[in-house]
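Colleague: I have a few minutes before my next run. Can you walk me through the charged pairs in this one?

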Amino acid sequence: MKIPIYQVDAFTSRLFGGNPAAVCPLEEWPNDDVLRNIAIENNLAETAYFIKKGEGFHLRWFTPEVEMDLCGHATLASAHVIFEHLNYDLSAIRFETASGELVVKKQEDLLQMDFPSRKPEPSSIPDQILNALSIQPKSILKARDYFLVFDTEQEVRDLLVNQQALDGLDLGTGGIICTAKGEKVDFVSRFFTPGAAVFEDPATGSAHCSLVPYWSEVLGLKEFTAHQVSSRLGEFYCEDRGARVLISGQSLTYLEGEITV
């Protein structure tokens with residue numbers, strides 16, 4: 001069986017920035033073991049698969065470890081492939097996913113995703129996480145992910161997280177968001193996933209489902225520019241719509257190829 005594969009840098013205006021995702025268009029679903037093994041072989045944070053379904057697409061996301069319920073950058077990458085490589089001529093793509101229907105619209109040089117809001121609430125946190133941090137947060141919240149708020153952007157940039165100290169910590173499909181008010185953008189963040197093949201995710205769309213409602217309340221704003229201050233830098237343009245969050249970004253194709261299974 002031959003499967004097309006694309007590798008796309010998502011949430012970036014420059015190649016080798018943002019978050020790389022593999023995207024595989026399919027004619028039909030193979031056995032899930034095939035999907036898992038391709039994701040393991042790719043060894044990227046996410047591999048996305050989709051098939052045409054009516055007027056839309058059925059979309060799934062796999063890390064090298066698990067199938068995810070929501071992934072922003074691989075959704076953006078999938079939409080990029082459909083618009084740029086599969087001759088899709090409508091202005092919006094509708095994806096059926098484990099998190100319900102997700103719509104991606106083409107807005108000039110940006111792709112805009114419509115995702116569910118996940119407002120974080122005050123929470124306790126395992127000492128194992130706090131003990132792994134070189135700087136302690138000023139407040140702790142949680143939605144799907146633990147949500148740690150720091151005093152300054154520089155603290156988020158300087159933060160060291162001891163990966164070995166988090167060995168054995170099971171957060172399911174969640175991770176650890178670290179965030180602060182931005183200096184040149186509205187807010188910044190970093191995202192860590194203990195036990196995953198990629199410990200620090202470079203640009204995490206799904207984390208902004210929690211970042212946007214939090215910063216909307218704190219800053220009194222509805223529209224945001226945001227940076228995920230990883231070494232690759234993720235660039236986000238977001239809007240708070242109450243129960244929904246609009247997350248926009250750019251993507252660039254790095255690789256086109258074919259898998260033989």
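Predicted model: local features only at pLDDT ≥ 70, side-chain atom pairs only at ≥ 80, totals over all residues.

Colleague: Fine. How many salt bridges does the structure hold?

Modeller: There are 17 salt bridges in the structure.

Colleague: Start with Asp-33. Which residue does Asp-33 form a salt bridge with?

Modeller: Its partner is Arg-36, and the closest N and O atoms of the two are 2.9 Å apart.

Colleague: Why are Asp-33 and Arg-36 separated by about one helical turn?

Modeller: Because they sit 3 residues apart in helix H1, which covers residues 32-42.

Colleague: And how accessible is Asp-33, in relative area?

Modeller: Asp-33 has a relative accessible area of 44%, so it is partly exposed. Arg-36 is partly exposed as well, at 36%.

Colleague: Next pair. What does Asp-69 form a salt bridge with?

Modeller: Asp-69 pairs with Arg-118, with 3.2 Å between the closest N and O atoms. That pair links distant parts of the chain, 49 residues apart. Asp-69 is in the loop between strand S5 (67-68) and helix H2 (72-85), while Arg-118 is in the loop between strand S8 (110-116) and strand S9 (121-122).

Colleague: Is Arg-118 buried or exposed?

Modeller: Arg-118 is buried, because its relative accessible area is 17% and the cut-off for buried is under 20%. Asp-69, at 25%, counts as partly exposed.

Colleague: What about Arg-244, which residue does it form a salt bridge with?

Modeller: Arg-244 bonds to Asp-114, the closest N and O atoms being 2.7 Å apart. This pair also links distant parts of the chain: Arg-244 is in strand S17 (residues 244-249) and Asp-114 in strand S8, 130 residues apart. Arg-244 is partly exposed at 27% relative accessibility, and Asp-114 is partly exposed at 24%.

Colleague: Which residues do salt bridges that share partners join into one network?

Modeller: Asp-69, Arg-118, Arg-144 and Asp-145 are joined that way.

Colleague: Change of topic. How many residues of helix H5 are buried?

Modeller: The helix runs over residues 208-219 and is mostly covered, with 9 of its 12 residues buried.

Colleague: Which ones in H5 are buried?

Modeller: His-208, Cys-209, Ser-210, Leu-211, Val-212, Pro-213, Tyr-214, Trp-215 and Ser-216.

Colleague: Last one. Which residue follows H5?

Modeller: Gly-220 does, and its phi is positive, near 70°.

Key: Residues numbered from 1 in each chain as written. Heavy atoms only, no water. Salt bridge = Lys/Arg side-chain N within 4 Å of Asp/Glu carboxyl O. Helix = DSSP H or I, 4+ residues; strand = E, 2+ residues; numbered from the N terminus. Buried < 20%, exposed > 50% of the residue type's maximum accessible area, 1.4 Å probe, protein only.
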